[in-house]
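Please consult the sequence and the model shown here alongside the text.

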Amino acid sequence: MTILPAKNLYKERVLPSIYFYIASITLPVSLFLVALPFSEVVSISMALLSFPAVLVLSWVGSPLISLTDQTLSIGKVQIEVKHLGAAEVISPSSAFEERGIKLDTRAFTKFQIGVKQMVKIEIKDSLDPTPYWLIATRNPEVLAGLINKR
């Protein structure tokens with residue numbers, strides 16, 4: 001039996017919004033001021049290293065959404081596409097309710113700071129107690145369209 005490589009249909013790294021990076025500019029200044037009474041060298045070093053550290057950690061900590069013709073994966077979690085039901089685009093105005101009072105505690109969720117667009121994907125696997133996946137994405141129409149088209 002030959003296993004064919006999966007065809008990549010969609011790939012996205014969901015980075016935080018620009019406002020996260022604007023707010024994180026205050027971190028070097030704060031670290032500099034906190035460490036300044038102890039040592040100028042240490043305070044300058046901490047200030048210079050803190051912002052690149054924020055950039056790297058925000059990249060590494062951001063979920064990667066990948067849809068192939070065989071699987072949907074978000075970070076280290078994946079599911080076969082045969083178990084996916086309908087995908088619904090959640091508008092930014094109703095995202096707060098979907099993450100709050102409408103959220104099923106058994107649902108798989110993956111949110112990102114500042115990303116209000118979401119996709120709700122029904123799970124049809126009878127052995128899986130998870131009713132749906134609720135994930136943040138910058139392109140909800142594209143992702144939902146690809147899932148619903150298959």
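## Strand 8 and its partners

Lysine 110 has isoleucine 135 as its bridge partner in strand 8. Helices (H or I, at least four residues) and strands (E, at least two) are DSSP runs, numbered from the N terminus. The model is a predicted one, in which local features need pLDDT of at least 70 and side-chain atom pairs count only at pLDDT 80 or more, whereas totals for chains, interfaces and linings use all residues. Residues are numbered from 1 along each chain as its sequence is written, and side-chain values use heavy atoms, with hydrogens and water left out.

Strand 6 and strand 8 run parallel and are joined by 3 bridges. Strand 7 and strand 8 run antiparallel, with 5 bridges between them; here isoleucine 121 has tryptophan 133 as its bridge partner in strand 8. Two strands are taken as paired if DSSP finds at least two bridges between them.

How many of the 5 residues of strand 8 are buried? The count is 5 of the 5, so the strand is largely enclosed by the rest of the structure. Buried means under 20% relative accessible area, exposed over 50%, and partly exposed in between (1.4 Å probe, protein chains only). In a regular strand the side chains alternate between the two faces of the sheet. Both faces of strand 8 are covered, with Tyr132, Leu134 and Ala136 buried on one side and Trp133 and Ile135 buried on the other.

## Helix 5

Helix 5 spans residues 140-149, and its buried residues are Pro140, Leu143, Ala144 and Ile147. Viewed down the helix axis, these buried residues fall within an arc of 95°, so they line one face of helix 5; the arc is that of the directions from the helix axis to the C-beta atoms. The exposed residues Glu141 and Lys149 are carried on the face of helix 5 turned away from its buried side.

Several strands contribute to the cover over the buried residues of helix 5, including strand 1 (8-13), strand 2 (64-68), strand 7 (118-123) and strand 8 (132-136). Contact in this sense means heavy atoms within 4.5 Å.

## Aromatic rings

The structure holds 2 aromatic pairs. Rings of Phe, Tyr and Trp (its six-membered ring) pair if their centres lie within 6.5 Å; planes under 30 degrees apart count as stacked, over 60 as edge-to-face and the rest as tilted. The rings of phenylalanine 20 and tyrosine 21 have centres 5.2 Å apart and planes at 80°, so this pair is edge-to-face. Phenylalanine 20 is partly exposed at a relative accessible area of 25%, while tyrosine 21 is buried at 15%.

For phenylalanine 108 and tryptophan 133, the ring centres are 4.7 Å apart and the planes lie at 50°, so the pair is tilted. Phenylalanine 108 lies in strand 6 (residues 108-110) and tryptophan 133 in strand 8, so the pair ties together parts that are 25 residues apart in sequence. Tryptophan 133 is buried, with a relative accessible area of 4%.

Charged groups also sit over rings, a term that applies if NZ of Lys or CZ of Arg is within 6 Å of the ring centre and within 35 degrees of the ring normal. The charged end of lysine 120 sits over the ring of tyrosine 132, 4.5 Å from its centre. Likewise, the charged end of arginine 99 sits over the ring of phenylalanine 111, 6.0 Å from its centre.

## Salt bridges

Side chains of opposite charge can pair when their charged atoms come close. A search of the whole structure finds 4 salt bridges, each defined as a side-chain nitrogen of Lys or Arg within 4 Å of a carboxyl oxygen of Asp or Glu. The table includes three of them.

| Salt bridge | Distance, N to O |
|---|---|
| glutamate 80 and lysine 82 | 3.3 Å |
| glutamate 97 and lysine 102 | 3.7 Å |
| lysine 120 and glutamate 98 | 3.2 Å |

Lysine 120 lies in strand 7 and glutamate 98 in helix 4 (residues 92-99), so their pair ties together parts that are 22 residues apart in sequence. Lysine 120 counts as buried at 19% relative accessibility, and glutamate 98 is buried with a relative accessible area of 8%.

Glutamate 97 is partly exposed at a relative accessible area of 36%, and lysine 102 also counts as partly exposed, at 47% relative accessibility.

Is lysine 82 buried or exposed? Lysine 82 is exposed, with a relative accessible area of 57%, whereas glutamate 80 is partly exposed at 39%. Lysine 82 is found in the loop between strand 4 (77-80) and strand 5. The C-alpha atoms of lysine 82 and isoleucine 123 are separated by 9.3 Å, although these residues are 41 residues apart along the chain.
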